[in-house]
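Let's take a walk through this pair of chains, one piece at a time. Keep the 3D view open as you read.

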Amino acid sequence: MKLLDSLEMPRPAGAADPIITVSGLTKTYASGFQALKKVDLEIRKGEIFALLGPNGAGKTTLISIVCGIVNPSTGTVIADGHDIIRDFRPARTKIGLVPQELTTDAFESVWATVKFSRGLFGKPPNPAYLEKILKDLSLWEKRDSKIMTLSGGMKRRVMIAKALSHEPTILFLDEPTAGVDVELRRDMWEMVRRLRENGVTIILTTHYIEEAEEMADRIGVINKGEIVLVEDKHVLMQKLGKKQLTLQLQEPLASLPPELQSENLQLSEDGAELVYTFDTQSRETGIAGLLRRLSEHGIDFKDLQTSESSLEEIFVSLVRGRA
Amino acid sequence: MNFYGIKAIYLFEMARTWRTIMQSIASPVLSTSLYFIVFGSAIGSRMASIDGVSYGAFIVPGLIMLSILTESISNASFGIYMPKFTGTIYEVLSAPISAVETVIGYVGAAATKSIIIGTIILITARLFVDFSIEHPLWMIAFLVLTSVTFSLFGFIIGIWADSFQKLQIVPLMIVTPLAFLGGSFYSINMLPPFWQNVALFNPVVYLVSGFRWSFYGVADVGVGISLGMTLVFMLICLAAIGWIFRTGYRIKA
């Protein structure tokens, strides 16, 4: 028993193999618009990968190529060991896609459309499995309703149910929570976590930084058709996320006393503010020491505040910086 | 071979047929019945027989062909145009299903529907006029072949069309005139010699002629030529569809 347990241990997170490998992928549309410029990207097995980027950055084009909806201009994509073009059958069998737009067959019932999706992907019927999906997504009561009678949020759930109907191991969610209420967003995050626990690799694109911050293991930023960075979320936050203490001084200073000078401490141009930058992760922030030394030098302050850069600020600064 | 995928598309399309049964089956049957009443019974009773066949019976094969042609095209074109229009085609494109399988699903369903309509019209016609079928197997062969060929043609139109207007324009402006001038209501031998030669450029002439031969054993052109021309048209459609999927024309950026 013990032996079996140890055999079934999940592999350590760091050792995950790539499940999708994108190499040298470019896409130029017939209009001449270059949506992707030499994209290289690796998605690891079992992770939640968030692809961030402003509108028109190439997120949807990238996803569409991997899923077979758009032809690449150059480059290759390997999904679960299969080239997505030469070996499209096994590759696509593994992939589920929830597109951004709510495109559904208005006149079909929920049950019929989910059944259709499963068949389309070459899977034999399995009503019990489909029932489970619909129940998980709170759609079971609506199974006989025509899709056109459902609310926007419910239609979004239908799209997810369709994408999951063929038991994919790679799931693309293209802006899954755009225009979705808070409750459904929570539900969706919950569902994404459950899927990941079952070993499904999830790639989501989003505008909502909080979503990436909340969900993702790794984050990729794409801008103007180029991957700007790919980083572990915590590393990214640590690397680029900094905390600052701002002190508003009672009396403006002409310059910092030499003993106080350090690269972490900066005096504003008008001399009215001191900004101290510190590492959020380390235990010793050095704030107490700084305050003590300030009072030793008779520097008084009337107010203080701390701020932490969020993923959003990191993202904006990255995208702006490259623009 | 993704059989489940073909079946899914086929059943989806057939479900659309049953859902819109009044429009898809009842209406062609009604309009054909009207033809029989007007041309077959009312006018036909005052017309001389053609090639030894009473006029009412003479127009039966032509009317069935007329319906099959228009129904195949409108069905197959609509079937593939709608997913393009609503965007649900993303699912077919992202599925592990090949071009051939996709076409079998869509075209198979459209052709099935045409064959059903053709059969119903045949039975309806029997209520109005008396006729016999000399070569039933050939009749079925022509029925199936024409349904499949023109469903393929409709599929191409559905891919090509990027507006509802374009979806209607080919059936309305090209197919209907060709069908009416293709000898549905008359033998092309009744035309002046010059127009007889012009008529030979109309592919529908061969379909109607072959189909009528399977009923009464008389034809405007040889049955072999009819069969050959239908097959040629089918091959042209298949080649066009092959090209569409190879290039992603109008379905894949």
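## Two helices side by side

Now try it on chain B. Helix α2 (residues 21-43) of chain B packs against helix α5 (residues 99-128) of chain B at an angle of about 35 degrees, and their axes are 10 Å apart. The crossing of α2(B) and α5(B) is right-handed. Which residues make the contact? From α2(B) they include Ile25(B), Val29(B), Phe36(B) and Gly40(B), and from α5(B) they include Lys113(B), Ile117(B), Ile121(B) and Phe128(B). Sorted by class, the contact of α2(B) with α5(B) has 11 nonpolar, 6 polar and 1 charged residues.

## What the record says about chain B

An unreviewed UniProt entry carries the annotation "domain: ABC transmembrane type-2" for residues 19-248 of chain B. In the model, that span is 78% helix and 0% strand, with its end C-alpha atoms 31 Å apart.

UniProt (again an unreviewed entry) also lists "transmembrane region" for several spans of chain B, among them 55-83 and 221-245. Residues 55-83 of chain B are 100% helix, and the end C-alpha atoms lie 43 Å apart. Residues 221-245 of chain B come out at 92% helix, with 35 Å between the end C-alpha atoms.

## Where the chains meet

## The strands of chain A

Chain A has an open sheet of 6 strands in the order β6-β7-β8-β3-β9-β10, with mixed pairing. Its edge strands, β6 (95-98) and β10 (226-232) of chain A, each pair on one side only. From one strand to the next, the twist averages 15 degrees. Inside the sheet, β7 (residues 170-174) and β8 (residues 201-206) of chain A pair in the parallel sense over 5 bridges, and Phe172(A) stands opposite Ile203(A). Helix α7 (residues 182-197) of chain A packs on the sheet, touching β3, β7 and β8 of chain A. Helix α2 (residues 59-67) of chain A lies across β3, β6, β7, β8 and β9 of chain A, running at about 150 degrees to β7(A).

The hairpin has 5 residues between its strands, and Gly32(A) takes a positive phi near 100 degrees.

Chain A averages a pLDDT of 85, and 89% of its residues score at least 70. Where is confidence in chain A lowest, and where is it highest? Helix α1 (residues 2-7) of chain A is lowest, at a mean of 41, while helix α4 (residues 110-120) of chain A is highest, at 96. Over residues 1-15 of chain A the pLDDT is below 50, and this stretch has 1 contact beyond near neighbours in sequence. Where pLDDT is low, the predicted coordinates should not be read in detail.

Methods:
Residues are numbered from 1 along each chain as its sequence is written. Chains are lettered from A and ligands numbered from 1 in the order in which they are written. This is a predicted model: local features need pLDDT of at least 70, side-chain atom pairs count only at pLDDT 80 or more; totals for chains, interfaces and linings use all residues. Two strands pair if DSSP finds at least two bridges between them. Helices (H or I, at least four residues) and strands (E, at least two) are DSSP runs, numbered from the N terminus. UniProt positions are given in the numbering used here, feature names are shortened, and annotations may be inferred rather than shown by experiment. pLDDT is the predictor's confidence in each residue, from 0 to 100. Two residues are in contact if their C-beta atoms, placed from the backbone, lie within 7 Å. Axes are lines fitted to C-alpha atoms, for helices over the stretch in contact, and angles run from 0 to 180 degrees between N-to-C directions. A crossing is left-handed if the near helix is turned anticlockwise from the far one by less than a right angle, and right-handed if clockwise. Ala, Val, Leu, Ile, Met, Phe, Trp, Tyr, Cys and Pro count as nonpolar, Asp, Glu, Lys and Arg as charged, and the others, Gly among them, as polar.
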